[in-house]
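Student: I would like to learn how to read a protein structure one feature at a time. Could we go through it together, with the general idea before each case?

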Amino acid sequence: MKLASNLGRSMSRAMVYKGVSMVLSLVYVPIVLNYLGDYKYGVWASILSILSWISYFDLGIGNGLRNRLSEAIASDSPRVSPKALVSSAYAILSGVVAVVAVACGIAIAFVDWPALLSAWEVNESLLCVVELSFLGMCFSFVLTLCNSVYYALQKAQVVNLISVCQQAVMLLSVWLLSLTDSQSLTAVAVFYVASNILVYGFFTIYVFARNRELAPSPRSCSRAVATDVGGLGIMFFITQIATLVLFTTDNLIVSNLFGPEQVTVYTTANKVFTVLSSLFAALVVPLWSKTTVDYARGDIAEIRRTLGKMHRLFAIAVGGVIVMVLVFKPLVSVWLGRDLGFDDSLIALMGVYAIVYMWNTIYSQVINGLTLVNFMVAVACAQAVLNIPLSIFLATSCGLGVNGVLLGTIVTMLISSLTYPVYSKKVLDRAEASNRGVE
């Protein structure tokens, strides 16, 4: 089994695919908006927002498989066969999704969706739209486990390519629908689900056709392996939830303390800087599985060399953020066609936030790759607990307003900015010393 070893090529392709994906998403919005109209588009966006929580139903199994499979592939004599890992992960995830699909599928039928979404004017069955979208997403969700296999094979760029293909198929579907006058939410839901199943189904078949030794088989399932992957996955899951709390509460705090108008200013500024941080994150995604493979092989020197490359890339990204801070106001004026009254200090803080976020992105990939999940969970939970009260304190008691909310998040993020590099260095030093002792 060959592993993709050209990190630079993988990173460059991942960034290109990420850029194409962002362009397609920008093109998709006005087309579906014109097709559905403002009212129905708002309803569809609300439904997708609710259903987005399905991404956490895997209980971290995907990440658990990613690490364990990377280790097994890197080893000449793996403790567990890669086929058993893949088979067990698919089995346990299918079981979890089946239970969720049945339970939530029944519960959805008892929800008054027009009342929940305030969508009284929709002339379609919202229950049908939600059930169809939910059950279709459950099925396609199992197929997305192929992402973990591609990551383990150090082909992170393929995951970005999958996203591009899915968006392209959905864009084509909505464009075809726009040639009609139906304005059907149900049709949009059908094509949304179909695009996911079609694209992920193709890439799932492709990866296992090219790597038959990994193809899942019921006879290769193991309860012990499933328990190991699931146990590791739970730790990743806890970290995901804690991270979700850290990065999604700012808008709620700003809205409650200063009103929805300030949320518009805050989120618009954040979206601009997110472009840079998202592109940087796409570049460093391969670092996770590469770290796992190098660590399993005992090649600590290669991990350090790769980190050096990431630091140089980070320095370039910091330069990009500084430029963004300087051109922010004229850039946003051209984009929005008007000025939302951005405060200079908020723009500067958003730049600091983007820099800290990108630094954390590097070392979170390393920590994940080294499978230091206990340490990661402890740090993530501490950040989740501290963020809300600190942001409120700085915003109100210190009189910093909206800037205080953002500053609270930045200070909280600094916990991992400092501890992740220190702890990962300690682990790598210990591994290097152990390797020298064996030699």
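This is a predicted model: local features need pLDDT of at least 70, side-chain atom pairs count only at pLDDT 80 or more; totals for chains, interfaces and linings use all residues.

Student: How many aromatic pairs does the count come to?

Tutor: The count comes to 13 aromatic pairs. One of them joins Phe 202 and Phe 203, and this pair is edge-to-face, with 5.3 Å centre to centre and 85° between the planes.

Student: Which two values describe such a pair of aromatic rings?

Tutor: In general, the distance of the centres and the angle of the planes describe a pair of aromatic rings. For Phe 202 and Phe 203 the angle is 85°, and the pair counts as edge-to-face because planes over 60 degrees apart are given that name.

Student: Is Phe 202 buried or exposed, and is Phe 203 buried or exposed?

Tutor: Phe 202 is exposed, because its relative accessible area is 51% and the cut-off for that word is over 50%. Phe 203, at 8% relative accessibility, counts as buried.

Student: Where do nonpolar side chains tend to be in soluble globular proteins?

Tutor: As a general idea, nonpolar side chains in soluble globular proteins tend to be buried together. In this structure the largest nonpolar core has 69 residues, and Trp 44 and Leu 69 are the ones that touch the most other members. Several helices give two or more residues to this core, including helix 1 (7-51), helix 2 (61-74) and helix 9 (223-248), while helix 3 provides the largest share, 11 residues.

Student: What can side chains of opposite charge do when their charged atoms come close?

Tutor: Such side chains can pair. A search of the whole structure finds nine salt bridges, and one of them brings together the side chains of Glu 302 and Arg 305, at 2.9 Å from N to O. Both residues lie in helix 13, three residues apart, which is about one turn of the helix. Glu 302 counts as buried at 17% relative accessibility, whereas Arg 305 is partly exposed at 47%. These two residues are also linked with Lys 290 and Asp 294 in a network of salt bridges.

Student: Which parts does the salt bridge between Arg 304 and Asp 429 tie together?

Tutor: The closest N and O atoms of Arg 304 and Asp 429 are 2.6 Å apart. Arg 304 lies in helix 13 and Asp 429 in helix 16, so this pair ties together parts that are 125 residues apart in sequence.

Student: Where does Asp 344 lie, and where does its partner Lys 329 lie?

Tutor: The side chains of Asp 344 and Lys 329 meet in a salt bridge of 2.9 Å, N to O. Asp 344 is in helix 14 (residues 344-369) and Lys 329 is in helix 13, so the parts tied together are 15 residues apart in sequence.

Key
Residues are numbered from 1 along each chain as its sequence is written. Side-chain values use heavy atoms; hydrogens and water are left out. A nonpolar core is a set of buried Ala, Val, Leu, Ile, Met, Phe, Trp, Tyr and Cys residues joined through side-chain atoms within 4.5 Å. Buried means under 20% relative accessible area, exposed over 50%, partly exposed in between (1.4 Å probe, protein chains only). Helices (H or I, at least four residues) and strands (E, at least two) are DSSP runs, numbered from the N terminus. Rings of Phe, Tyr and Trp (its six-membered ring) pair if their centres lie within 6.5 Å; planes under 30 degrees apart count as stacked, over 60 as edge-to-face and the rest as tilted. A salt bridge is a side-chain nitrogen of Lys or Arg within 4 Å of a carboxyl oxygen of Asp or Glu.
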